[in-house]
Amino acid sequence: MGKREEVRQRTFAEILETAGRMAEAEGWQAVTIRRIATEIGYSAPVIYQHFPSKEAVLHTLLERGNGELAERMRAAVAGEPASRGPHLAAAAYLEFARSRPALYQLVSGAPGTDVDASARRTAADHVIAFTRQLIGAWADETAADLPDVEDACDLLWGTLHGLASIGSIEDVGFDRARRLADQAVTALLGYWLAPTTNPEDRPQTTEGEK
């Protein structure tokens with residue numbers, strides 16, 4: 001590797017590290033190209049040589065954040081029975097949200113994270129694919145008859161995102177969020193294992209019932 005390429009890679013990494021550090025301290029709204037340049041000690045045009053906009057910086061960090069989340073989830077379930085996969089992956093998800101709060105905000109689309117929805121969805125492709133695989137493996141091992149794996153994935157993701165959000169509240173905390181996640185995942189799995197999976201077969205509430 002030539003010296004010029006080494007400097008380019010070092011500057012590239014420094015820009016991303018600085019943006020992440022600023023977000024952890026002040027939120028993503030505070031991250032701008034000019035602020036990054038000031039923190040590093042370069043002029044803004046130097047930053048633009050690597051990233052054409054703040055959105056480009058965030059998009060790169062978004063891809064890296066999703067990659068880290070996917071890796072944590074894979075590591076959590078590696079070598080474990082598929083029947084335990086959803087519980088273990090849920091715990092890994094919440095630990096990512098706890099230990100990487102700013103990066104989790106970026107991944108989950110919090111205010112100030114200026115990445116459009118289609119780019120956010122594309123960046124999460126590997127995580128989504130892994131979640132489908134995880135739930136599919138659980139269904140195979142437990143003989144569950146899932147009506148729709150996509151719906152099951154969205155239910156799991158929505159549940160974990162909600163719990164990660166309340167886990168960040170100081171008087172709730174992630175210890176409680178993890179306990180609630182274990183209960184929620186158990187409830188979801190039990191629902192999917194129930195012999196009656198057709199909504200038309202479930203008891204209907206009539207008008208006036210509480």
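Val-149 is located in helix α9, which covers residues 149-167; helices here are DSSP runs of H or I with at least four residues, strands are runs of E with at least two, and both are numbered from the N terminus. With a relative accessibility of 32%, Val-149 counts as partly exposed, a class that lies between buried (under 20% relative accessible area) and exposed (over 50%), computed with a 1.4 Å probe on protein chains only. The C-alpha atoms of Val-149 and Leu-160 are 17 Å apart, and 11 residues separate the two along the chain.

The model is predicted, and local features therefore need pLDDT of at least 70, side-chain atom pairs count only at pLDDT 80 or more, and totals for chains, interfaces and linings use all residues. Residues are numbered from 1 along each chain as its sequence is written, and side-chain values use heavy atoms, with hydrogens and water left out.

The protein contains 10 helices and 0 strands, so that the order of elements from the N terminus reads α-α-α-α-α-α-α-α-α-α. The C-alpha trace spans about 65 × 45 × 30 Å along its principal axes. Of the 210 residues, 39% count as buried. Contact means heavy atoms within 4.5 Å; among contacts between residues at least 6 apart in sequence, 64% join residues at least 24 apart.

Helix α1 (residues 3-26) packs against helix α2 (residues 33-40) at an angle of about 110°, and their axes are 10 Å apart. This makes α1 roughly perpendicular to α2. Angles of 65 to 115 degrees count as roughly perpendicular, under 35 as roughly parallel, over 145 as roughly antiparallel and the rest as oblique. The axes are lines fitted to C-alpha atoms, for helices over the stretch in contact, and the angles run from 0 to 180 degrees between N-to-C directions. On the α1 side the contact involves Glu-14, Ile-15, Thr-18, Ala-19, Met-22 and Glu-26, which meet Arg-35, Ile-36, Glu-39 and Ile-40 of α2. By class, 5 nonpolar, 1 polar and 4 charged residues form the contact of α1 with α2. In this division Ala, Val, Leu, Ile, Met, Phe, Trp, Tyr, Cys and Pro are nonpolar, Asp, Glu, Lys and Arg are charged, and the others, Gly among them, are polar.

Helix α1 itself has 24 residues and extends 34 Å from its first C-alpha to its last, close to the 34 Å expected at 1.5 Å a residue. The expected span is 1.5 Å times one less than the number of residues in the helix. Thr-11, Ile-15, Leu-16, Thr-18, Ala-19, Gly-20, Met-22 and Ala-23 are the buried residues of α1. They pack against α2, α3 (44-48), α4 (54-77) and α6 (101-108). An α-helix has 3.6 residues a turn, so residues three or four places apart point the same way. Gly-27 follows α1 and has a positive phi, near 95°.

Val-57 belongs to helix α4 and is buried, its relative accessible area being 1%. Apart from residues up to four places away in sequence, Val-57 touches Ile-15, Leu-16, Ala-19, Ile-33 and Phe-51. Ile-15, Leu-16 and Ala-19 are also among the buried residues of α1. Between the C-alpha atoms of Val-57 and Leu-103, which are 46 residues apart along the chain, the separation is 13 Å.

Helix α5 (residues 85-99) crosses α6 at roughly 115°, and the two axes come within 5 Å. Tyr-93, Phe-96, Ala-97, Arg-98 and Ser-99 of α5 make this contact with Pro-101, Leu-103, Tyr-104 and Val-107 of α6. By class, the contact of α5 with α6 comprises 7 nonpolar, 1 polar and 1 charged residues. The 15 residues of α5 reach 21 Å from first C-alpha to last, close to the 21 Å expected at 1.5 Å a residue. Buried residues in α5 are Gly-85, Pro-86, His-87, Ala-89, Ala-90, Ala-92, Tyr-93, Leu-94, Phe-96 and Ala-97. Their cover includes α4, α6, α8 (125-142), α9 and α10 (173-193).

Arg-120 lies in helix α7, residues 117-123, and counts as buried at 15% relative accessibility. The side chain of Arg-120 reaches the backbone oxygen of Leu-106 at 2.5 Å. Excluding neighbours within four places in sequence, Arg-120 is in contact with Leu-62, Leu-106, Val-107, Gly-109, Thr-113 and Val-115.

Ala-143 is in the loop between α8 and α9. The phi of Ala-143 is near 60°, a positive value in a residue other than glycine. With a relative accessible area of 68%, Ala-143 is exposed.

How values were computed. A polar contact is a pair of N or O atoms within 3.5 Å; within protein, one must be able to donate a hydrogen and the other to accept it, and residues adjacent in sequence count only if both atoms are side-chain atoms.
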